[in-house]
Amino acid sequence: MNLFFTPFFYYYCTRLKSTSKFISWIIIYLAPLILSVFIFSSDLVKLQILLLTIVCSHNLYEIGYIQNDTETIKKEYNPTLRLTLAQLSFYEKNKSIVYIVRFLISIFLTVTIVFYYDSLYIYCVWLITPIFFIYNLIRSRLNLLLHFILVFCRYCLPVFISTGSYSLTLLMILCFPLPNLLERASEKRFGFFFYRSLLKDKISSFRVFYYLCMTAFCFVLYFRGSSKEELTIVVMLVFYTFYRSLILFKEKISRSV
């Protein structure tokens, strides 16, 4: 079963499951990371490091997904089943091989980045594995913090590893990890009922409002400092504002028909 061994394939089969969601993932995740590094530095070497780091980090992230979908569900009363019985059976018979292959892929990519590109920051993405392991063990509001850190590792660390810019990496939090945290906090299981009532059925409107506010805020920062990091974030936020506005407009049109 290739989904257990091939980077990105497991994520596509168990989380995306459709071409439209795959395209959305490219727009929300892959394209912005490439765009940010290109704007900050059009160096092709940095883009190569970015792409290799994305594969490495996502491969480690999928190990956490696999563990959640196969091991964590054994401890849950009413688990979400994302795998078929045949896939679960294959996993149980080959779990050692699955994890060995996955870790070997990330080890190979790590060694390649360290020795070919001389980038030691790549070791940071290995934080994903222990954090995801802890995340799969607990079910409380602490999951919000852990998930935020995981999203930061997957979204911001590849930019840091390829550019080496601390300020750009921190500003990248505004583009996806922070709004993602706010949205997840509104989920019923976390018990923030007042906050949930504010965002219920208003996620698209919230996203547009959030990105408009952050774009205005970062515009002010850019005009005061005019750094490459601030310019990059302004372009990124404009990109997200435009995309989220299109989604909201499409939803309103659909409701009116």
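Colleagues, the model is predicted, so local features need pLDDT of at least 70 and side-chain atom pairs count only at pLDDT 80 or more, while totals for chains, interfaces and linings use all residues. Residues are numbered from 1 along each chain as its sequence is written, and side-chain values use heavy atoms, with hydrogens and water left out.

I begin with helix H3, residues 44-70, and helix H6, residues 142-155, whose axes come within 10 Å and cross at roughly 150 degrees. Helices here are DSSP runs of H or I with at least four residues, numbered from the N terminus. Axes are lines fitted to C-alpha atoms over the stretch in contact, with angles from 0 to 180 degrees between N-to-C directions. H3 and H6 are therefore roughly antiparallel, a term for angles over 145 degrees, just as roughly parallel means under 35. On the H3 side, His58, Tyr61 and Tyr65 meet His147, Leu150, Val151 and Arg154 of H6, contact meaning heavy atoms within 4.5 Å. These residues comprise four nonpolar, two polar and one charged.

Next, H3 also packs with helix H5, residues 128-137. Their axes lie 9 Å apart at an angle of about 20 degrees, which makes H3 roughly parallel to H5. H3 contributes Ser57, Leu60, Tyr61, Gly64, Tyr65, Gln67 and Asn68, and H5 contributes Ile128, Thr129, Phe132, Phe133 and Asn136. This contact has six nonpolar, six polar and no charged residues.

Finally, the largest pocket holds about 1,400 Å³ of space. A pocket is an open set of points on a 1 Å grid where a 1.4 Å probe fits, with protein on both sides within 12 Å along at least five of seven lines; lining residues have an atom within 4 Å of a point. Of its 44 lining residues, those closest to the centre are Arg15, Tyr65, His147, Asn180 and Arg184. The lining has 18 nonpolar, 11 polar and 15 charged residues. Helix H2, residues 19-40, gives the most, with six residues.

How values were computed. Helices (H or I, at least four residues) and strands (E, at least two) are DSSP runs, numbered from the N terminus. Angles under 35 degrees count as roughly parallel, over 145 as roughly antiparallel, 65 to 115 as roughly perpendicular and the rest as oblique. Ala, Val, Leu, Ile, Met, Phe, Trp, Tyr, Cys and Pro count as nonpolar, Asp, Glu, Lys and Arg as charged, and the others, Gly among them, as polar. Grid points are joined across faces, edges and corners, and a volume is the space filled by probe spheres set on the points.
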